[in-house]
Amino acid sequence: MGAEEGALKEKGRRPGRRLGMFLIFFLGGLFFPLLAQAVTFPIPSIRIGVEEATSAQDVAVALEVLALLTILTLAPAILVLMTSFTRIVVVFHFLRQAIGIQTSPPNQVVIGLSLFMTFFIMKPVWTEVYEKALDPYLEDKITYQEAFENAQKPLRDFMLVNTREKDLALFIKVAKAEKPENRESVNLLHLIPAFVISELKTAFIIGFVIYVPFLIIDMVVASVLLAMGMMMLPPVMISLPFKLMLFVLVDGWHLIAGSLIRSFAIP
């Protein structure tokens, strides 16, 4: 009985399958010619190949393209670790935690505000990079190596001004490298991690200062609730409106944004 039922089901499916295949071929044969006639613009084709270099210039161009792609790949890391972005976004995170609102403002708003503040702070540095490195290189006035060296100088000066000496000395000592004679001789391999930990320390100090007034409000509210015998009521529910009111009355966003901008030294 099982085999006969399977055969009957299979016979029942065959007309449906044949009808489906017929409709697919029929509609394809009907619409594909119409689509081909409707397309009036040429469809581009992409070809990727490897050809033999005929001169040393071809090899140099290929290496420059490879270096450019590498820089573009590292662009997010450069933006996060070699600019003011790290300090700003960490401080905003501490601010959100101190007030007690985990999702307001949303992460997209925090990251976007941090990016635009980074662009504002780093504008003099990037302007110097463009005028002394990128623009002359695009006009074939300097070589790729000279452009790279000219682009390093503004970033190195910015990071050196905002890096603690003991943090830089730590990485130079661990690497067992010679003490740099001047600013230009500081290796970026030592300067970048020293700059990052200096930025994190500064951001944590600012975060602690931000935490103090909100912590006092939490302690006062918790003491009042305990004195009233309302131990089952979470103090955060009562203290949150007071913290928001305090933050708005002192114009907190203006104070924090202005303090963050002034906390950076621009060479």
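Colleague: Let's start with Ile210. Why does Ile210 count as buried?

Modeller: Ile210 has 10% relative accessibility. Buried means under 20% relative accessible area, so Ile210, at 10%, is called buried. Please keep in mind that this is a predicted model. Ile210 sits in helix α8, which runs over residues 188-227.

Colleague: What does Ile210 touch, leaving aside residues up to four places away in sequence?

Modeller: Its partners are Val91, Leu95, Ala98 and Ile256. A contact calls for heavy atoms within 4.5 Å, so each of these four residues meets that limit with Ile210. There is also a distance to look at: Ile210 and Arg96 are 114 residues apart along the chain, and their C-alpha atoms are separated by 10.0 Å.

Colleague: Thr83 is in a loop between α3 (75-81) and α4. Is Thr83 buried or exposed, and how do you know?

Modeller: The relative accessibility of Thr83 is 2%. With the limit for buried at under 20%, Thr83 is therefore buried.

Colleague: Why is Arg164 called partly exposed?

Modeller: Arg164 has 26% relative accessibility. Buried is under 20% and exposed is over 50%, with partly exposed in between, so 26% makes Arg164 partly exposed. Arg164 lies in the loop between α6 (144-161) and α7. Its contacts, not counting residues up to four places away in sequence, are Ser198, Lys201, Thr202 and Ile205. Arg164 and Ile197 are 33 residues apart in sequence, with their C-alpha atoms 9.1 Å apart in space.

Colleague: What stands out about phi of Asp251?

Modeller: Phi of Asp251 is near 55°, which is a positive value in a residue other than glycine. Asp251 is placed in the loop between α9 (235-249) and α10 (252-262). At 43% relative accessibility, Asp251 lies between the 20% and 50% limits, so Asp251 counts as partly exposed.

Colleague: Let's turn to helix packing. What do we need in order to describe two packed helices?

Modeller: They are described by the angle between their axes and the distance between the axes. For α4 (residues 85-99) and α5 (residues 107-138), the angle is about 145° and the axes are 9 Å apart. α4 passes α5 in a right-handed crossing. On the α4 side, the contact is made by Phe85, Ile88, Val89, Phe92 and Arg96. The residues from α5 include Val110, Ile111, Leu113 and Ile121. By class, this contact has 10 nonpolar, three polar and one charged residues.

Colleague: How many cavities of 30 Å³ or more does a search of the whole structure find?

Modeller: The search finds one. About 50 Å³ of space lies in the largest cavity. Its lining is made of Phe92, Leu95, Arg96, Ile99, Ile101, Ser104, Pro105, Val110 and Trp253. α4 gives the most to that lining, with four residues. The lining has seven nonpolar, one polar and one charged residues.

Colleague: What makes a space a cavity, where another is called a pocket?

Modeller: In a cavity the probe fits but cannot get out, whereas a pocket is an open set of points. The second largest pocket has a volume of about 320 Å³. Arg164 is one of the residues lining this pocket, and others among them are Leu160, Thr163, Glu165 and Val186. Helix α7 (residues 165-174) gives the most to the lining, with four residues. By class there are six nonpolar, two polar and four charged residues.

Colleague: To finish, how many helices and strands are in the chain?

Modeller: There are 10 helices and zero strands. Of the 267 residues in the chain, 26% are buried. Among contacts between residues at least 6 apart in sequence, 72% join residues at least 24 apart.

Methods:
Residues are numbered from 1 along each chain as its sequence is written. This is a predicted model: local features need pLDDT of at least 70, side-chain atom pairs count only at pLDDT 80 or more; totals for chains, interfaces and linings use all residues. Side-chain values use heavy atoms; hydrogens and water are left out. Axes are lines fitted to C-alpha atoms, for helices over the stretch in contact, and angles run from 0 to 180 degrees between N-to-C directions. Helices (H or I, at least four residues) and strands (E, at least two) are DSSP runs, numbered from the N terminus. A crossing is left-handed if the near helix is turned anticlockwise from the far one by less than a right angle, and right-handed if clockwise. Ala, Val, Leu, Ile, Met, Phe, Trp, Tyr, Cys and Pro count as nonpolar, Asp, Glu, Lys and Arg as charged, and the others, Gly among them, as polar. On a 1 Å grid over the protein atoms alone, a cavity is a set of points where a 1.4 Å probe fits but cannot get out, and a pocket is an open set with protein on both sides within 12 Å along at least five of seven lines; lining residues have an atom within 4 Å of a point. Grid points are joined across faces, edges and corners, and a volume is the space filled by probe spheres set on the points. Buried means under 20% relative accessible area, exposed over 50%, partly exposed in between (1.4 Å probe, protein chains only).
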